Amino acid sequence: MNRNKPKRMIESSKEKKKRPILKLLLLFILIAIVFLFFKKGSIKELTNIISKNESKNSPIIYYSFDDGLRKPLENDSVWGDVTKISWMDDCTGTIKRDGKDFSKENNTVIIKDGVYEITVLSADGKRKTTKTLTIDRMPPQVEVKKNESGTYTITFADINDIKTATLRRLDTKAERILSEIDLMENGLKKSIEITEKGYYILKVIDQYGNWYEGNTEFIIE
């Protein structure tokens, strides 16, 4: 019956018969890939994603400055100028410093220097957020002292508290910058003696963003 049918039509009909088989084969390969994907721990990854999404509904702890603008406290943080911490009205929370509860009825606390542990519970009591916040507004303790020889000695009370310490040297008339010395470059020393002639400007910032505001300028002639 196919004797008079063109050769191209015969080949085309054969290809049509093969298509369902190819589709089944592709489907089988896809199922195998999905199976291997999940077998290699993707189920665990999916669970982590779900748990992360659920954690988004956990109570949010806020920090603010004197302007009152609130921002979420993302991680255990260190701040030098935070004045208040708070949470949503439908949540309950405690703020402890050295074991003492500093919480207020309006869920807002005016912060003093110290290390605080903040715990907030959702309204249903099923979700909890805990953060640690360190507040330090005290400037770094630095002493700049003139020696009898006319040189100067810079002394740091706590070198581990210092984040940056630089000493800019100008000519004695303060007209031209000669150099800028990074006192942290080779490890900050407890005491440093400055002997070269020049007009010096000292800049020291601690780990909490506080600036040294004492005797920041001196001259060696």
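Colleague: Take the contacts in the protein chain with a separation of 6 or more: what share comes from residues 24 or more positions apart?

Modeller: Quick background: this is a predicted model, where local features need pLDDT of at least 70, side-chain atom pairs count only at pLDDT 80 or more, and totals for chains, interfaces and linings use all residues. Residues are numbered from 1 along each chain as its sequence is written, and side-chain values use heavy atoms, leaving out hydrogens and water. A contact means heavy atoms within 4.5 Å. Residues 24 or more positions apart make up a share of 52%.

Colleague: Where in the protein chain is confidence lowest?

Modeller: We go by pLDDT, the predictor's confidence in each residue, from 0 to 100. The chain's mean is 81, and strand 11 (residues 152-156) has the highest confidence, at 97. The lowest confidence, a mean of 58, is in helix 1 (residues 7-55).

Colleague: What stands opposite Trp79 in strand 9?

Modeller: Strand 3 and strand 9 (residues 128-135) run parallel, joined by three bridges. Opposite Trp79 you'll find Ile135.

Colleague: Which side chain of opposite charge is nearest to Asp161?

Modeller: Asp161 is in the loop between strand 11 and strand 12 (162-170), and it is buried (under 20% relative accessible area; exposed is over 50%, partly exposed in between, with a 1.4 Å probe and protein chains only). Lys and Arg count as positive, Asp and Glu as negative, and His and the chain ends aren't counted. Asp161 has no salt bridge, meaning a side-chain nitrogen of Lys or Arg within 4 Å of a carboxyl oxygen of Asp or Glu. The nearest opposite charge, 11 Å away, is Lys190.

Colleague: Which residue in strand 15 is the bridge partner of Leu167?

Modeller: Strand 12 pairs with strand 15 (residues 198-206) in the antiparallel sense over eight bridges. Strand 12 also joins strand 13 (residues 177-182) through five antiparallel bridges. In strand 15, the partner of Leu167 is Leu202.

Methods. Two strands pair if DSSP finds at least two bridges between them. Helices (H or I, at least four residues) and strands (E, at least two) are DSSP runs, numbered from the N terminus.
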